[in-house]
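Dear colleague,

Please find below the structure that I am handing over to you, together with its sequence. My notes on it follow directly after.

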Amino acid sequence: MALAVGQRRHEIGVRMAIGARPGEILRMVLGQAWRWRSLEFALGLVGALALTRLLQRLLFEVGPTDPLTFVGVAVVLGVATLVACYVPARRAARVDPIIALRTE
């Protein structure tokens with residue numbers, strides 16, 4: 001995410017120059033991260049459900065499609081995504097438009 005924000009620095013500078021508020025930039029970056037995370041979650045869920053027979057032999061006292069486990073993993077990964085993306089999003093919201101436009 002930090003790389004994506006760095007590559008979009010000029011675009012973010014233009015947005016800030018034409019009136020975007022830091023909160024809007026923060027929501028834009030976090031929204032993008034959340035969309036990617038949702039796609040990854042869906043692919044992981046499909047993969048996990050497809051491999052339930054293999055998982056059944058490796059798990060003890062837990063069913064291969066235990067909903068509590070799936071929800072717990074989704075919550076942990078969701079929190080990790082938000083924490084990992086908050087710093088680059090905050091940095092993007094603090095971009096000085098003049099400096100961002102001058103660098104290109």
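In which helix is the place of T81? T81 lies in helix α5, which covers residues 67-93. Please bear in mind that this is a predicted model.

Is T81 buried or exposed? Its relative accessibility is 17%, and because buried means under 20%, T81 counts as buried. Leaving out residues up to four places away in sequence, T81 touches A33 and R37.

R37 is found in helix α3, residues 22-50. With residues up to four places away in sequence again not counted, R37 touches A74, L77, G78 and T81. R37 is buried, yet has no salt bridge. The nearest side chain of opposite charge belongs to E40, at 6.8 Å; a salt bridge would require a side-chain nitrogen of Lys or Arg within 4 Å of a carboxyl oxygen of Asp or Glu.

I turn now to the nonpolar residues. The largest nonpolar core comprises 16 residues, and those with the most contacts inside it are I12, I25, V29 and A92. Two or more residues of this core come from each of the elements α2 (9-17), α3 and α5. Helix α3 gives the largest share, six residues. In soluble globular proteins, nonpolar side chains tend to be buried together.

Within this picture, A92 is in contact with V5, I12, I25 and V29, when its neighbours within four places in sequence are left aside.

With kind regards

Definitions and conventions. Residues numbered from 1 in each chain as written. Predicted model: local features only at pLDDT ≥ 70, side-chain atom pairs only at ≥ 80, totals over all residues. Heavy atoms only, no water. Helix = DSSP H or I, 4+ residues; strand = E, 2+ residues; numbered from the N terminus. Buried < 20%, exposed > 50% of the residue type's maximum accessible area, 1.4 Å probe, protein only. Lys, Arg positive; Asp, Glu negative; His and termini not counted. Contact = heavy atoms within 4.5 Å. Core = buried A, V, L, I, M, F, W, Y, C linked by side-chain atoms within 4.5 Å.
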